Protein chains: 2
Amino acid sequence: MGLGTVGQGVLRILRDHGEALEHRSGVRFEIVRIFDRSFREKGDVIRDIPASDNMEDVLGDPSIDIVAELLGGIEPAYTVVTRALAAGKDVVTANKALLARHGNELFELSHQHSCEIAFEAAVAAALPVIKNLRRGLIANEIEALYGILNGTCNFIITRMQEDGLDYAAALREAQVRGFAEADPSFDVGGKDAAQKLAIISALAFDTRINEDAVLTEGIEHIRLVDHQIAADLKCVIRLLAVARRDPLQMRVHPVLIHEDHVLAHVRDERNAVFFATSNSGPQLLMGLGAGARPTAAAVVSDLVFLARENPETPEYWISGTKDPVIHHEYAYRFYLRFQTYDRPGVMADLARILAEENISIASVSQKEGPEPVNVVVITHTTPEVPLRTAIKRIDALDTILAPTVAMPMELDL
Amino acid sequence: MGLGTVGQGVLRILRDHGEALEHRSGVRFEIVRIFDRSFREKGDVIRDIPASDNMEDVLGDPSIDIVAELLGGIEPAYTVVTRALAAGKDVVTANKALLARHGNELFELSHQHSCEIAFEAAVAAALPVIKNLRRGLIANEIEALYGILNGTCNFIITRMQEDGLDYAAALREAQVRGFAEADPSFDVGGKDAAQKLAIISALAFDTRINEDAVLTEGIEHIRLVDHQIAADLKCVIRLLAVARRDPLQMRVHPVLIHEDHVLAHVRDERNAVFFATSNSGPQLLMGLGAGARPTAAAVVSDLVFLARENPETPEYWISGTKDPVIHHEYAYRFYLRFQTYDRPGVMADLARILAEENISIASVSQKEGPEPVNVVVITHTTPEVPLRTAIKRIDALDTILAPTVAMPMELDL
């Protein structure tokens, strides 16, 4: 249902590789019917498959076992999925927004009707994150996971880091190359990564999906100078989605990662998820997190997954009852950059406020140069609440010229 | 069957996490019976589970659905697996050697008896390589795969690269830390990686398993100076298992990888597999390739996988009929290190022989220092056959003091 670029990709794979799929998995797929609002304009693609713009033609057809919801957005996707489940059909969806908003309800519904919802394509497209949690890592407690889950942000950050572009130029290049929308705020503000993190965490930690419990910060305020200073510290900047089991916490924010860590080498539009597990040790998955072809391939992999399942005992993919909430009690080493005048007393003010909030300084540096100057402080491990208080007090000083940039240093990864 | 460290790990996971497994997957496992030659000495571990040293007690028990073969080696593992399949039981095995030697026959047998053999634990333990090929990437042609498949070699290479240890010292450290056997030749000679590559390739390229078709070279001849020169070239050395679809080729050998590539940051005992795919783009899996706990977790993940399968339509995991053969027609840029005297005419001899074999030189360097000196040549892309001829001729010169070290530069990764 939905014959956009992803739907057409699924069609192409099932047509061109149907025999190979059957040879490999023992499953033969038949595309019974296509629903698309503008199916009349897509005759070249649809060819001889029955098509319609009336969703009842699909939902009411008892010969259909699996519905692939590739409409995107909330409606009519929500109606399609609920109706399909109520009709006893399994569902494959690539719809992250739908799961972030209505996932808990939809998974409960799937359970009531003994159906399954597969959604590999909804989270980091080509990375088998969901299947890995359902199968590969199932004999583990997931202790923490660290994701690079937004290709737009990672592309922008990598171009700044490697090519010395400023933020605006890197964003323009991402837009030219199709990695960023005309309005990029959903991506660069961290919201896209937060929705993905909320869904993955629900599987990893057996909770309900709650995107509002993800403390979210984007990359718009990161400047080229931050990348340069990070490089001096043998680090790179990444927008990292972090979730930990105990205490349960979810956050998306730019962090400094040591350049030796494998996540520091996830470049450009690639996505990655790094799991810390109880039995299998550390594990990384890396690949393309978006794009019509990788997404279509993930949809087809879910079709195979569902078709190979034992129909007698459907799986309840997200079944947690614990509702995650925002958690503020973090402790990190922090990178702080203050933009200020090169004037006597400024450093004394910064040091005094940090001391009053009981924040211990590991190093301070200020490079000579034209005003405004950047003062960079690396803290010892410090809880975040007093740190945020200190930043608020410092940003209120007359001598501070822009909001302070604060990034955790994820050095224990 | 087999209650060594892996078997005990499986027992522990099923006991301690049985409820969590059931909650996540809907599957409840019952350990019906344990076979172990020395079960009488393992009462503390076995507790109240029926155990025996007679394999008939397991193989003849019709209430057993799945047999986990954790014996290792060829016999009695081969007998156990064939008898289990003949009795209609699915099999989980962690036995790489058995699959490398008898895999084709065992998979045919599984097909005849409508059973499945799952073997995630036999290849790179904690990495979900097999499940990813059976499910995550099933809608792709695999064009090539690049694996770091031997943790012993990767540990030794990383310690040489990062700590400046020579080969003998790095090997000793690997032995002390339990990453290398007293006789390390199976690992450092590349044979272990070659067996894994033969199994993975059979799935990826739909061929029979043939470990003899893997052109195999180990790491014993790599010296500290090679790492130092690689670093000057902004590369690192890795023992890479490479397989390509067209033309089908499999090889295990040390190569130079650019330091920016993510595989260059797979360090110490970690394993990784990098796939080049037709629809999903590049994909990397990284994790622990050995160890009792990761292997046990992989066995349990396979138990879940099989238990969730539709029993009506078992999968034929390795079903290719094409038999891979060794393929010699490669072309790479090559790193060549000649050990020789600092004497007039040596360089002229090298250059003349390379020219006669039509091998074009991209760069030459020789560092001043005590004899013997190392002359390093980087070639332009050159086919391997004339290159091997040139090396044979050069190594026959009186002025050449040790076999020439030749490594492909995998720069197109």
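**View 1. Met286(A) has Leu284(B) as its bridge partner in E11(B).** The model shown here is predicted. The two strands involved are E11(A) and strand E11 (residues 282–288) of chain B. They pair in the antiparallel sense, over three bridges.

**View 2. The contact between chains A and B brings together 42 residues of chain A and 43 residues of chain B.** On the chain A side, at least two residues each come from helix H2 (18–25), helix H7 (129–136), strand E11 (282–288) and helix H13 (292–308). H13(A) gives the largest share, nine residues. Sorted by class, the side of chain A that touches chain B holds 20 nonpolar, 15 polar and seven charged residues.

**View 3. Three strands of chain A form an open sheet in the order E3-E4-E5.** The pairing is parallel. Strand E3 (66–69) and strand E5 (117–118) of chain A are the edge strands, each pairing on one side only. Strand E4 (residues 90–93) of chain A joins E5(A) through two bridges, in the parallel sense. Val92(A) finds its bridge partner in E5(A): Ala118(A).

**View 4. Glu259(B) sits in a loop of chain B, between strand E9 (249–258) and strand E10 (270–277).** Glu259(B) counts as partly exposed because 14 other C-beta atoms lie within 10 Å, and a buried residue would need 20 or more. Leaving aside residues up to four places away in sequence, Glu259(B) touches Lys234(B), Cys235(B), Val236(B) and Ala264(B). Asn271(B) is 12 residues from Glu259(B) in sequence. In space, the two are 17 Å apart, C-alpha to C-alpha.

Technical notes:
Residues numbered from 1 in each chain as written. Chains lettered and ligands numbered in written order. Predicted model: local features only at pLDDT ≥ 70, side-chain atom pairs only at ≥ 80, totals over all residues. Helix = DSSP H or I, 4+ residues; strand = E, 2+ residues; numbered from the N terminus. Buried ≥ 20, exposed ≤ 12 C-beta atoms within 10 Å, placed from the backbone. Contact = placed C-beta atoms within 7 Å. Pairing = 2+ DSSP bridges. Nonpolar A, V, L, I, M, F, W, Y, C, P; charged D, E, K, R; others polar.
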